[in-house]
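Got the sequence and the 3D view open? Let's take a walk through them together, one topic at a time.

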Amino acid sequence: MKSRDFSRSLWVFHLNTGSCNGCDIEILAALTPRYDVERFGMKLVGSPRHADVLLVTGPVTRDMEDKLKRVYAQTPDPKVVMVVGNCGNTGDVFYESYNLAGPADRLIPVDVYVPGCPPRPEAVIYGVVKAWKLLEEGKRR
Amino acid sequence: MRKAGDIIGQESRDTYSICVGPVHPALKEPVRLNLRVRGERIEHVDFELSQVHRGIEWMGTRRNPIQILYLSERICGICNICHTFAFCRAVESIAGIEVPPRARYIRTIVAELERIHSHILWAGVAAHELGFDSAMHYAFRAREKVLDVIENLTGNRIMKAIMMIGGVRRDMDKGQARLVMEAADFYSRCSRKLEKIFLGDPVIKSRTRDTGILTRHDCLALCSVGPTARASGVRKDVRQDEPYGAYPDVGVKAMTPDEITGETRGDVYDRIAVRLREIKQSADIIGRCVKDMPEGKIAHEDKANVLLGELRGVQGEGIGRHEAPRGEVFHYVKLVGEEAPYSWKVRAPTYNNLLSWIPMMLGAQIADIPVIAASIDPCMSCTNRAVVTGPGRRQVLGQDMLHDLSVKRTRELRRGLRP
């Protein structure tokens with residue numbers, strides 16, 4: 001996969017919608033020295049209003065449903081939504097739970113799916129690179 | 001939707017309500033804190049849970065015990081061994097299954113590796129909350145080694161899937177034993193270095209000393225567990241009080257801050273000290289387990305279908321306890337001779353420790369909230385237990401509402417009794 005130019009630094013907002021922390025610590029591992037995506041200018045930001053990528057983990061519980069929609073609305077365009085982890089993609093072991101509003105793509109449009117329970121940091125980075133390509137090619141709004 | 005002020009109560013001209021979360025950069029997981037402040041001082045603290053409730057216990061009553069193993073791992077990604085360990089112990093105690101000695105040692109080694117991983121992760125997060133990002137990156141780099149060892153032993157970095165009812169799934173060979181020993185040595189040294197960074201640094205010391213104090217009295221009254229309780233001088237540790245696995249052979253002693261710093265104050269500094277010293281303690285336990293590892297079988301029964309058949313005929317109730325990195329985790333299981341358990345109850349350590357936020361935060365400054373919140377190492381995904389839902393409505397019953405309902409009911413009864 002070759003990118004034409006690395007003209008922009010991706011800023012990522014991470015939203016936990018009921019995840020078990022497994023994906024969250026792998027995302028942290030991707031940001032910290034061994035995998036270190038910060039060298040490409042990617043970093044986690046504190047507000048969705050600063051972000052290019054919305055990174056969603058967790059199966060989206062009912063309580064987090066409207067927070068997810070609101071955070072999605074607050075992220076400025078153009079943006080890419082990435083779902084990390086099996087439970088955000090399909091529900092996984094929680095598929096039959098009575099308290100799920102998810103999976104995430106039922107509620108907001110999702111561009112990149114990263115499967116795995118939890119996905120390895122390499123997989124998270126691969127997903128972010130795909131998101132980057134989508135943004136560069138202007139495929140997303 | 002209620003406003004923060006409604007929950008907190010009366011607002012006056014001098015006080016101000018702040019609502020933190022559930023989506024907030026200082027909180028790694030969804031939880032909502034409602035605070036009332038006067039100037040910079042916190043006067044009142046309340047919190048709301050239920051954002052992460054996934055109905056795991058309910059799903060457990062529709063699955064068989066081996067499927068529940070995978071479900072219980074996903075209660076919490078950081079302490080996944082703890083939940084499977086406690087669940088296995090509960091089911092084993094019902095079925096009267098004896099775990100082979102080698103399996104007990106492997107379980108202990110993996111559980112202690114997880115404790116190292118969790119405590120270092122916590123140290124990194126605490127450093128980040130203090131604005132000390134270089135220490136955070138140092139801690140996270142140090143953590144990668146234990147993840148490599150865990151991956152080598154179990155096949156996964158995070159979800160270990162090594163526990164089985166009546167034993168473990170994978171054996172440990174000589175090469176792996178050597179790797180584990182190397183890691184134990186590395187973390188003995190690493191713990192000293194982290195202690196030097198965290199306990200010796202004057203800035204960290206001034207931020208954390210006498211911040212978020214939990215007195216021994218409050219700690220006992222609120223039933224705090226784990227490092228939070230030990231930092232307040234309560235010698236409480238399941239590995240010491242009710243040894244299981246390989247702990248009876250190793251002999252674990254609860255770690256309190258007076259052994260490290262010479263005094264017990266129960267503040268954030270003490271909690272850092274206890275956790276960092278426990279990394280060394282875990283490394284020592286792992287070293288001893290690898291040296292004394294007995295030979296033999298690693299599981300009571302290799303075939304899952306035979307084991308399931310055995311469990312299907314069992315009836316009774318059982319309790320499993322385990323000292324997780326955050327404190328005691330407790331599982332209750334009731335089997336009634338069917339495929340799925342009749343009941344499954346999980347009590348995670350953060351459930352106890354969350355209440356200690358209140359005495360810790362009262363009187364503290366707003367800027368101290370993140371570090372105090374992080375100091376108990378909260379794990380919301382373990383904790384969220386109950387939410388009241390119904391078609392088209394959602395309601396959380398608070399104490400006030402329950403009290404009002406109770407008063408109303410008394411009045412109605414009184415009216416009915418009148419002649």
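Here is a quick briefing, from the fold of one chain to the contact between two.

Keep in mind that this is a predicted model.

**Chain A at a glance**

- Chain A has 141 residues, and 61% of them count as buried.
- Take the contacts in chain A with a separation of 6 or more: residues 24 or more positions apart account for 83% of them.
- The accessible surface of chain A is about 5800 Å², and carbon and sulfur atoms hold 51% of that.

**The sheet in chain A**

- Strands of a sheet pair through backbone hydrogen bonds, and they can do so in a parallel or an antiparallel way.
- In chain A, five strands make an open sheet in the order S2-S1-S3-S4-S5, and the pairing is parallel.
- Why do S2 (43–44) and S5 (112–114) of chain A each have one side without a neighbour in the sheet? These strands stand at the edges, so each has a single partner strand.
- Strand S1 (residues 11–16) and strand S3 (residues 53–57) of chain A pair in the parallel sense, with five bridges between them.
- To see one residue pair there, look for Asn16(A), whose bridge partner in S3(A) is Thr57(A).

**Helices across the sheet**

- Helix H1 (residues 22–31) of chain A lies across S1, S2, S3 and S4 (80–84), and runs at about 140° to S3(A).
- Helix H2 (residues 62–74) of chain A lies across S1, S3 and S4, and runs at about 170° to S1(A).

**Two cis peptide bonds in chain A**

- Asp77(A) and Pro78(A) are joined by a cis peptide bond with omega at about -5°. You'll find Pro78(A) in the loop between H2 and S4 of chain A.
- Cys117(A) and Pro118(A) are also joined by a cis peptide bond, with omega at about -10°. Pro118(A) sits in the loop between S5 and helix H4 (121–136) of chain A.

**Loops around H9 in chain B**

- The loop between helix H8 (202–208) and helix H9 (216–221) of chain B holds Thr211(B). Is Thr211(B) buried or exposed? Its relative accessibility is 9%, so Thr211(B) counts as buried.
- Leaving out residues up to four places away in sequence, Thr211(B) touches Asp267(B), Val268(B), Arg271(B), Asp368(B) and Ile372(B).
- Asp210(B), in the loop between H8 and H9, has a positive phi of about 60° although it is not a glycine. Asp210(B) counts as partly exposed because its relative accessibility is 45%.
- Cys223(B) is not a glycine either, yet has a positive phi of about 55°. Cys223(B) lies in the loop between H9 and helix H10 (226–231) of chain B, and counts as partly exposed at 43% relative accessibility.

**Where the chains meet**

- The contact takes in 42 residues from chain B and 39 residues from chain A.
- Val23(B), Arg54(B) and Arg74(B) supply 17% of what chain B buries against chain A, more than any other three residues.

- Chain B has a mean pLDDT of 84, and 87% of its residues reach 70 or more.
- Over residues 1–9 of chain B the pLDDT is below 50, and this stretch has 18 contacts in the model beyond near neighbours in sequence.
- Over residues 386–400 of chain B the pLDDT is also below 50, with 15 such contacts.

Definitions and conventions
Residues are numbered from 1 along each chain as its sequence is written. Chains are lettered from A and ligands numbered from 1 in the order in which they are written. This is a predicted model: local features need pLDDT of at least 70, side-chain atom pairs count only at pLDDT 80 or more; totals for chains, interfaces and linings use all residues. Side-chain values use heavy atoms; hydrogens and water are left out. Buried means under 20% relative accessible area, exposed over 50%, partly exposed in between (1.4 Å probe, protein chains only). Contact means heavy atoms within 4.5 Å. Accessible areas come from the Shrake-Rupley method with a 1.4 Å probe; for residues, only the protein chains shown count as cover. Helices (H or I, at least four residues) and strands (E, at least two) are DSSP runs, numbered from the N terminus. Two strands pair if DSSP finds at least two bridges between them. Axes are lines fitted to C-alpha atoms, for helices over the stretch in contact, and angles run from 0 to 180 degrees between N-to-C directions. pLDDT is the predictor's confidence in each residue, from 0 to 100. Buried area is the accessible area (1.4 Å probe) that two parts lose on being put together, summed over both.
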